[in-house]
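Here is my notebook from a first look around.

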There are 2 protein chains.
Amino acid sequence: MYRSPNTLWFRMPTEKCDSCPPNCCDMRGMLSFMILWLLSKKSMYGQELAKEIGKRKGTKPNPGTIYPALKELKNRGLIESNKKGRMTTYQITEEGRKGFQIADEYFFRAFGEIFQDHNLIKTSRKLGCLES
Amino acid sequence: MYRSPNTLWFRMPTEKCDSCPPNCCDMRGMLSFMILWLLSKKSMYGQELAKEIGKRKGTKPNPGTIYPALKELKNRGLIESNKKGRMTTYQITEEGRKGFQIADEYFFRAFGEIFQDHNLIKTSRKLGCLES
DNA sequence: CTTTACCTATTGCATGTCCAATATATTGGT
DNA sequence: ACCAATATATTGGACATGCAATAGGTAAAG
């Protein structure tokens, strides 16, 4: 697997990284944000969460990534867990919903413009009027 | 200034953080991504970049944050710098544009849904049909 | 009842992010 | 010429992120 040596940049999903220019790929953070977002939609167990995150980030997070994050969120009262047999379902708390909303506002304020740009470019490409 | 002790979460801008629940606020990463995005729009000098980032993130990055990031991007050939007097203008390279585009695709794939959710909620709130 | 598979969980480590403090250089005002 | 303001830049450190490796518990299959 390609791994940029010292990076301030996104780490792309492994499969896609072959065509990726060197020194261009790292991404940290946002894991708990995504977990809370997923749990705000429905309760899930750990592996289900990992799979959903993997679908979006391109790589499924390791156990050593996902479970400490869940533990931390639980310690803060943002999520709850419910063990039955070998499965543990995680669900968001009211506190967690509040927290997510605040973080979401912040995320949007910080990166919303970039997304709008992205959509603009995509749309104009679709319409074939990229020159404008 | 409030600072959550051990956080997997967003760090909110200082001014807004008073009403922010404890242990709910950290954000790392994405700095270079935002720099490249800004420079893809127009060339800027360091303090101008810092100011623009501050507008979006809520806190203006320190010199010790912004200049190492610029140096790293330059080392990778994603940006170029041009010193005149005490000012140094930074501009994106062709390589940088390519790199940004790849990262942008990735970012959108990973977080696009969250933004669409955000917009949906905002719109329905504006229309007063939040119950749907 | 053993084997296999799978979910959950912990530990240790490498690395990136970002701030505080500090230093240097250039410009403008007096 | 001197001082203040401002831009650029470096260093050191604190801390969060996330992976690899490892281990234990539960359930299903043979």
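**Aromatic rings**

I started with A:F115 and B:F108 and found both buried, where buried means under 20% relative accessible area, exposed over 50%, and partly exposed in between (1.4 Å probe, protein chains only).

The model is predicted: local features need pLDDT of at least 70, side-chain atom pairs count only at pLDDT 80 or more, and totals for chains, interfaces and linings use all residues. Residues are numbered from 1 along each chain as its sequence is written, chains are lettered from A and ligands numbered from 1 in the order in which they are written, and side-chain values use heavy atoms, leaving out hydrogens and water.

Rings of Phe, Tyr and Trp (its six-membered ring) pair if their centres lie within 6.5 Å; planes under 30 degrees apart count as stacked, over 60 as edge-to-face and the rest as tilted.

I looked up A:F108 with B:F115: the ring centres are 5.5 Å apart and the planes stand at 40 degrees, so this pair is tilted. It crosses between chains, from helix α4 of chain A to helix α4 of chain B; helices (H or I, at least four residues) and strands (E, at least two) are DSSP runs, numbered from the N terminus. Both A:F108 and B:F115 are buried.

For A:F115 and B:F108 I read centres 5.5 Å apart and planes at 40 degrees, so that pair is tilted. One aromatic cluster includes A:F108, A:F115, B:F108 and B:F115.

**A histidine**

Is A:H118 buried or exposed? I found it buried, because its relative accessibility is 4%. A:H118 lies in helix α4 of chain A, residues 94-127. Its side chain makes a 2.6 Å polar contact with that of B:D104. A polar contact is a pair of N or O atoms within 3.5 Å; within protein, one must be able to donate a hydrogen and the other to accept it, and residues adjacent in sequence count only if both atoms are side-chain atoms.

**The sheet in chain A**

I traced an open sheet of three strands in chain A, ordered β1-β3-β2, with antiparallel pairing; two strands pair if DSSP finds at least two bridges between them. β1 (44-45) and β2 (79-84) of chain A are at the edges with a single partner strand each, so one side of each has no neighbour in the sheet.

**A lysine**

Last, I checked B:K98, in helix α4 of chain B. B:K98 is partly exposed, at 46% relative accessible area.
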